[in-house]
Amino acid sequence: MTKKTVFVSGNFYSLHPGHVRLLRFAAECGDTLIVGVYNNRPSTDVPSPQERADALNELGIVDRVAILENGLLPFIEDLKPAVIVKGKEFENTDNIEQQVIEKYGGALIFSAGEATYSGSDLLSKESDQKSNTRLFNPTDYISRHNLSASTMLERVKSFSSLKVLVVGDLIVDEYVTCEALGMSREDPALVVTPQHTDRFIGGAGIVASHAAMLGASVRFLSVVGRDEIAQDAAKKLSDFNVNATLIEDQSRPTTLKQRYRAQGKTMLRVSHLRQHEITKELQHSLAERAEADCKNADLVLFSDFSYGCLPQDLVNSITASAIKNGAIIAADSQSSSQIGDVSRFKKAQLLSPTEFEARLALRDQTSGLAQIATQLIATSSCNSAFIKLGESGVFVVTSPSSENEQTSDRIPALNKNPRDVSGAGDSMLTVGSMALASGASTWEAAYLGSVAAGIQTSRTGNIPISAEELLDALQ
């Protein structure tokens, strides 16, 4: 099917809400929005054509920006857009585009766009904002465990030599950013209008994506439905350099979690999913692939959301393969609307539950946190645990040893002004376990994981953390 191209042109000396409304309207008129910037500069006080083009690209609305080096009409004659959109103020004037567009049957539309916009539109889409948050530096913790900045920098650089296998539930997170219009007069409901939609890889997929963007060679195993969501997820994983094997399960859709947001807050969540266990046939298929991948893996990561991708027999099979081949094992099993059990991942080097998830696994709501952490390690026969405490940070506990007198400590949350806490635990699990696989102590791994969580919570949506971001934060 031929894509419908829409074209808008202008000087765009100073981007303002009117421009944003017009461009949003134009984007809705077709499949591809191309904007032409006139190649002029009245004075040095005005941004150059390239600077204006860069600003338009930052909006996240436009598919391509072109500087009109040879003028407007030659560009239109070559492009032949299906639709040209101009501001309402040009409707009763002579429009030179008309003579060209009539030759091939295009349409010229005049509109001021919808008069709803957010302040963030003038800078960039909320989800595209990268971290520039200054993280808190827990000097006491660093001193207690003799952590060296230079050692940690080298540790992160060594991630590029790791081979990582991630197994678990793939989730696609969809953020629908809305403009709040007010309360309904018919019933006590908030009325909103969608402005734009962004999709992010989530669940075990973001764990795999974090690891790949941090430099590791990553294999990812999961199940998906036969749908467009799965195709989109596969492309995103490929873009993040993840070597993914996504096995189709005809009994379920690809798990999609939608968040409707306005003014930086989530108003409503809608989940499209199934929670039954995958069939024995699918389990066998995943186990065979995992056994082959474990032969070269330094780290095996279970990212469990209790939607049926990781039945216990499959977990046991993959765990046995990992231990046989000397791979580090780390696991997380999330429980929010669903019920998980992180203690079922036996003999792992690292478990990373929230306090609620740890208490749920142990069926203990009364014991102190230190006792809960110690009991979790004993029950699961694992080496260490990061008990996530939300805005209070993380409680770190490790098994006693002759080289390690201290067995527990706490790192406060390093980002004091989080934008979006979704995905913080995934980034902590990924970076912390990669650090362990690279030879780090539990204390160093927990600190690096906390830095990753601080970076992740400084932007909206699950965006994979790159090695460069982590290195910059450490410096």
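A cavity is a set of points on a 1 Å grid over the protein atoms alone where a 1.4 Å probe fits but cannot get out, and its lining residues have an atom within 4 Å of a point. The volume is the space filled by probe spheres set on the points, with grid points joined across faces, edges and corners.

The model is predicted: local features need pLDDT of at least 70 and side-chain atom pairs pLDDT 80 or more, while totals for chains, interfaces and linings use all residues. Residues are numbered from 1 along each chain as its sequence is written, and side-chain values use heavy atoms, without hydrogens and water.

**View 1. The largest cavity and its lining.** One cavity of 30 Å³ or more is counted. The largest cavity has a volume of about 50 Å³. Its lining is formed by Asp 169, Leu 170, Val 223, Val 224, Arg 252, Pro 253, Thr 254, Thr 255, Tyr 307 and Cys 309. Six of these residues are nonpolar, two polar and two charged (nonpolar: Ala, Val, Leu, Ile, Met, Phe, Trp, Tyr, Cys and Pro; charged: Asp, Glu, Lys and Arg; polar: the others, Gly among them).

**View 2. The salt bridge between Glu 228 and Arg 199.** A salt bridge places a side-chain nitrogen of Lys or Arg within 4 Å of a carboxyl oxygen of Asp or Glu; 19 are counted. Here the N to O distance is 2.9 Å. The pair links distant parts of the chain, with Glu 228 in helix α8 (residues 228–239) and Arg 199 in strand β8 (residues 190–203), 29 residues apart. Helices (H or I, at least four residues) and strands (E, at least two) are DSSP runs numbered from the N terminus.

**View 3. The salt bridge between Arg 219 and Asp 293.** The side chains meet at 3.2 Å, N to O. Arg 219 lies in strand β9 (residues 217–224) and Asp 293 in helix α9 (residues 280–294), so the pair ties together parts 74 residues apart in sequence. Asp 293 is buried, at 15% relative accessible area, whereas Arg 219 is partly exposed at 22% (buried: under 20%; exposed: over 50%; partly exposed: in between; 1.4 Å probe, protein chains only).

**View 4. A nonpolar surface patch.** Met 183, Leu 190, Met 267 and Leu 268 make a patch of about 390 Å². Patch residues have over 30% relative accessible area and no salt bridge, and nonpolar side chains (Val, Leu, Ile, Met, Phe, Trp, Tyr) are joined within 5 Å, like charges within 9 Å. Met 267 is in strand β12 (residues 265–272) and is partly exposed, at 35%.

Conventions. Areas by Shrake-Rupley, 256 points an atom, 1.4 Å probe, with all protein chains shown as cover. 1 Å grid on protein atoms, 1.4 Å probe; cavity = no way out; pocket = protein on both sides within 12 Å on 5 of 7 lines; lining within 4 Å.
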